[in-house]
Structures are given as C-alpha cells and as structure tokens.
Amino acid sequence: MSGDPIMTDVPNSPADDTALNEQLERVNRQLLQSEKMAAIGQLAAGVAHEINNPIGYVYSNLQSLDRYLVDMFRLTDAIGSASTQEELEELKQSIDYEFLRGDLEDLVAESREGIERVKTIITTLMDFTHADEEEFKLADIHWGINTTLSVINNEIKYKAEVVKDFGDLPLVSCIISQINQVILNLLANAAHSIEGFGKIIVRTRHESNYVVIDVEDTGKGISQEHINKVFDPFFTTKPIGEGTGLGLSLSFSIVEKHNGRIDVTSTPGKGTCFRIILPIGTSDTGRCS
Amino acid sequence: MIKIQLVDDEPNILKALKRLLKAQGWEVDAYDNVDDALGGLLAHDYAVIVSDYLMPAVDGVTYLQFAKQRRPDAMRLVLTAHGDRQSVIKAINQAEVYRYLTKPWNDYEIVAAIQSAVELHQLVRENHRLLQTVATQKAMLQAREQELQRLEAEHPGITQVLRDTEGSILVGDDS
C-alpha cells in the first residue's frame, strides 16, 4: 500500500540471507496489515447495517416523542388556564392520555435497548480491532471467538445457524487479535461456502499441551483439485475483485507463527472443517517484531 | 380505511413505524416474518406494503415479488439499512418497487412516500373502476344496437325517420 516495492529491490547477492529474511518479514507484515484492513472494510458494511437498524427506530421514536410532548404540554398548560375539571377531562380524552402514557414507557424502553445495542456493537468492534499489540499474552480463546462472532454476526446470521460446542480451555499464550483474525477468516469463508441456509459449528477442546479449534460448515465443500491450494497466497475461487486470495494464506502464517497447525478436511457437497491446533505454552520464537 | 402492511424482522422497527403511521390515520399491520406476511396478503387488501431488505430465509425483494403476484395493485416500498447497489437494482427490476428508502429515516420522508403511494394506489383503483363502468355501459349500448339491427332486419326502414323537403315527418308504408 505504501510505496515499498515488493519485488524490485531484492538484494543481488544470494548470500545476503539476513537482508532477504528481513525483507520477507516486512512484506509479510504488510500483507497481514492489508488483509486486516480488507477484512475490516468488509465488516464495515455489515456493521453499518447492524447499527442503522437501532439508530433507525431510536431516531424515529424521538420524533414521535416530540409529537407526544406537544400533547402532554397542552395538558399541563391547561391545568393553569382551564376553568373546570370537565374541560381538563375533555382535553385528556382528546389527546388519548391513557395511550400516550403507556406508549411513552415502551418508547423509552425500546429506544434505550437500541442505544445499548449500538454501544455493544462499538465495544466489540473496538475489542476486535484495538487489541492489536503484537505481543504474546495469556488470553481467553473463547472470549476471542465470542467477540469475533458478534463482529461478524451480521454477515452470518442470514446464512447459517452458529452452534458453539466449547470445551474447557486454559488461557493460551498468543496474540489474540491475530487469532481473532484467523477465526474471522474461517467464519467468513464458512458463511460464503453455504448456499441457502446452513450450519456453522465452532468446536473447542483441550488436549494435553494444545488447544484445538474447529470451524465446521455445511457448505458446498472444496474440490479435490483445490484443497491443496487453499493456503497458497492469491489462490481464490471467487470472481476477480471479490476475494483477495490472502485470507487463508495469512491465517496459515499466523498459526505457524504461534507454532501451531491449521488443517482442512472437506467433502464436496457436504461441508468443510478447518482445524487449528495451538500450543498452550509461552512462545516467543515466532515473534513478529 | 387505508391499510398498510409492514414487514421487518426487527420488532422495534415495526413498533416505531406503527407509532408514526397510525398517527396518520392509516390502519397498520406489522409482520416480523415473511411467512405470516404472505398469509396477511390473502386476508387483507393492502394499499401499500413496506418491507425490509435483509431478513432471514427470504429477502425483502423476493417477498415483494410474491406480493406483486398476489396483490398487483398494492404499492411496494423497501425500507432498508443495507442500501447497496445490487439490492437497489434488484428491487427496481424484479419487484418494481415504488420507493427505496434507507434506515435511519426521517419521519416526514416515510409519511410523504407512503402518502404518495396511497394516492397512486387510489388512482389505479379509480382507473380500474372507471374502466369497468365504461365496459358495462359499452355492453349496454351494444345490446341496444343489436336490438335496432334486429328490428331493421325484420321491418326494413323502421329505424329510419323519413322527412319531406320541408322537414315534416312522413308516416306511411311506402316512402
């Protein structure tokens, strides 16, 4: 994205391994960053939808409240000026006071619910993107999965039911924002692979020194000729302009950096299962910077 | 009374719209799923249908296509938080929607759009009614015409009035 050339200034001497490695590392980081931005860009549309709904009814409710208040003030103003009790009663009838009272309570409760929903969306989005210190820390994988699920919920909910089958997991030493990104990728792929309405199962379990995370879908599956290429950079079966072909290859390198493994099994027509195996123990051998 | 159908999977949207539209004196039926909304189409004669776009199972444009078949006269509007180009094109070309509105909305925009849809609906209805009147009257005229022709065939000249040069009516068997 910046002006950094990717291919041109490769050092001439093949012996210059450190320079090459450094450059590879830098390009890798750039790729990771741009894939993250692309993921956020795709999310933005979904998040806009998710926010516009509550904003829509809260905004409309405020305008209704405005009209209700006009009626209410007519009544309160009349208390001073009306000469008889009957006059007040009549006014009360004409503005449908009983309805107003009941509906005002609903209106405020619904609007509060809407604002709280917006607040939750923003918080999860911040959790998802902000926690991007490039450092290994003990983190709760389930919290990461749940945050990621709520961020991408809007893209998935019209395509699949998400089933969470969580085991007991210990805290895992990882860069949680990057693990979130891997999960996000797998979930997005799963949703894209489903034609009509399907099911996505997120399964976790603890096995001696590892945690295992499965993301399984009931989508159209990956054909035999493609399955060995899914982790290759720029490999995609999506039309030009729709997929970068980088999601899985970056997921692969993230998991690799964590000294873990990512595998795929798929039956065309039945579905696909991606499995991530992460070591629990502290690791800084693959640290990014 | 003018009936409006609302379809949205978000109950709070339906409640906010009801608040707004009932105050205009319209009868408002709200549905939070497409199945019930389809049932509602059979039971009621709606002037205007306002549907969300993104809903589970069936999207709003597909629903409005069904609605177009069942109630071709009902005006179709989309109200969505998801205004991308693809959905707009689909809405116009496939469901022939009258308006494509976005969330969040301004109350007066919604009311004005529905108001104008209602007027158009009434115009279409009035047009149908007038067409029917024309058809019945035409049928009546045709029957009379046929009767005259039958009489003329039986008694040639009976449908003609004969006058002399000064304008007087001549009555007689031979002219």
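User: Why is B:Glu96 called partly exposed?

Analyst: B:Glu96 has a relative accessible area of 45%. Buried means under 20%, exposed means over 50%, and partly exposed is what falls in between (1.4 Å probe, protein chains only). The value of 45% lies between these limits, so B:Glu96 counts as partly exposed. This is a predicted model, in which local features need pLDDT of at least 70 and side-chain atom pairs count only at pLDDT 80 or more, while totals for chains, interfaces and linings use all residues. Residues are numbered from 1 along each chain as its sequence is written, chains are lettered from A in the order in which they are written, and side-chain values use heavy atoms, with hydrogens and water left out.

User: What makes the phi of B:Glu96 worth a remark?

Analyst: Phi of B:Glu96 is near 45°, a positive value, and the residue is not a glycine. Most residues other than glycine have a negative phi. B:Glu96 sits in the loop between α4 (85–95) and β5 of chain B. Helices (H or I, at least four residues) and strands (E, at least two) are DSSP runs, numbered from the N terminus.

User: Where is A:Asp96 found, and is it buried or partly exposed?

Analyst: A:Asp96 is in the loop between α2 (85–94) and α3 of chain A. Its relative accessible area is 43%, so A:Asp96 is partly exposed. A:Asp96 also has a positive phi, of about 55°, although it is not a glycine.

User: What kind of peptide bond joins B:Lys103 and B:Pro104?

Analyst: The bond is cis, with omega about -5°. Most peptide bonds are trans. B:Pro104 lies in the loop between β5 (99–102) and α5 (107–154) of chain B.

User: Why is the pair A:Glu50 and A:Lys157 called a salt bridge?

Analyst: The closest N and O atoms of A:Glu50 and A:Lys157 are 3.3 Å apart. A salt bridge is a side-chain nitrogen of Lys or Arg within 4 Å of a carboxyl oxygen of Asp or Glu. The distance of 3.3 Å is within 4 Å, so the pair qualifies. Across the interface of domain 1 and domain 2 of chain A, the rule finds one salt bridge.

User: How do you know that the two domains of chain A touch?

Analyst: Domain 1 (8–130) and domain 2 (136–279) of chain A have bounds from an automatic or database domain assignment. In contact are 16 residues of domain 1 and 25 residues of domain 2, where contact means heavy atoms within 4.5 Å.
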